[in-house]
Amino acid sequence: MSRAWEADPSALFARRLGRTAAELGNSKDEDDCPDIWQLDNGDVAVIGRDLTAAYGARLPEGVTLAPDERLVVIPGNMLSAAKEDIPDA
């Protein structure tokens, strides 16, 4: 069965949404960099801590993770800083 949406692994990074982790005080070096990027096809890539195992058993009702999906967590101030870069629907 085909999914309604599938990630395109050939999409390229187009622009950062918001500010860098260093600018927000969320990183001290290049090995610790959560980030949010818009891809050239309009999709969004999120780099964060993989907490799939920690949250997997306690997801809210109606929320599921496919075997090829991961739940990542980013700092709240990072998403807030990206707000101005995200167009209204």
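This is a predicted model: local features need pLDDT of at least 70, side-chain atom pairs count only at pLDDT 80 or more; totals for chains, interfaces and linings use all residues.
Reader: Why does Asp35 count as buried?

Author: Its relative accessibility is 8%, and buried means under 20%. Since 8% falls under that cut-off, Asp35 gets the label.

Reader: What makes Asp35 and Arg16 a salt bridge?

Author: The closest N and O atoms of Arg16 and Asp35 are 2.8 Å apart. The cut-off is within 4 Å, from a side-chain nitrogen of Lys or Arg to a carboxyl oxygen of Asp or Glu, so the pair qualifies. The bridge links distant parts of the chain: Arg16 belongs to strand 1 and Asp35 to strand 2, 19 residues apart.

Reader: And Arg16, why is that one called partly exposed?

Author: Arg16 has a relative accessible area of 28%.

Reader: How many salt bridges turn up in the whole structure?

Author: Three. Besides Arg16 with Asp35, there is Glu6 with Arg3, at 3.3 Å from N to O, and Asp68 with Arg3, at 2.8 Å from N to O. Each distance is within 4 Å, so each pair passes the test. As a general point, side chains of opposite charge can pair when their charged atoms come close.

Reader: What makes Arg3, Glu6 and Asp68 a network?

Author: Salt bridges link them. Arg3 meets Glu6, and Arg3 also meets Asp68.

Reader: Where in the chain do Asp68 and Arg3 sit?

Author: The Asp68 and Arg3 salt bridge, at 2.8 Å, links distant parts of the chain, 65 residues apart. Asp68 is in the loop between helix 1 (52-55) and strand 5 (72-73), while Arg3 is in the segment before strand 1.

Reader: Which residue does pass the mark for exposed?

Author: Leu12 is one of them. At 55% relative accessibility it is over 50%, so Leu12 counts as exposed. It lies in the segment before strand 1.

Reader: How do you know what Leu12 touches?

Author: Contact means heavy atoms within 4.5 Å. Leaving out residues up to four places away in sequence, Leu12 touches Gln38, Leu39 and Asp40. Leu12 and Asp43 are 31 residues apart in sequence, with their C-alpha atoms 9.8 Å apart in space.

Reader: Why is Ser27 called buried, and where is it?

Author: Ser27 is in the loop between strand 1 (13-16) and strand 2 (35-39). Its relative accessibility is 10%, which is under 20%, so buried it is. Setting aside residues up to four places away in sequence, Ser27 has contacts with Ala21, Ala22, Asp32 and Cys33.

Reader: What share of the chain is buried?

Author: 18% of the 89 residues. The accessible surface comes to about 6,900 Å², with 53% of it belonging to carbon and sulfur atoms.

Reader: Which residues make the nonpolar patch, and how does Val46 get in?

Author: Val44, Val46 and Val72 make it, and it covers about 210 Å². Val46, in strand 3 (residues 44-47), is partly exposed at 41%. Patch residues need over 30% relative accessible area, so Val46 clears that requirement.

Methods. Residues are numbered from 1 along each chain as its sequence is written. Side-chain values use heavy atoms; hydrogens and water are left out. Helices (H or I, at least four residues) and strands (E, at least two) are DSSP runs, numbered from the N terminus. Buried means under 20% relative accessible area, exposed over 50%, partly exposed in between (1.4 Å probe, protein chains only). Accessible areas come from the Shrake-Rupley method with a 1.4 Å probe; for residues, only the protein chains shown count as cover. Patches are made of residues with over 30% relative accessible area and no salt bridge: like charges are joined within 9 Å, nonpolar side chains (Val, Leu, Ile, Met, Phe, Trp, Tyr) within 5 Å.
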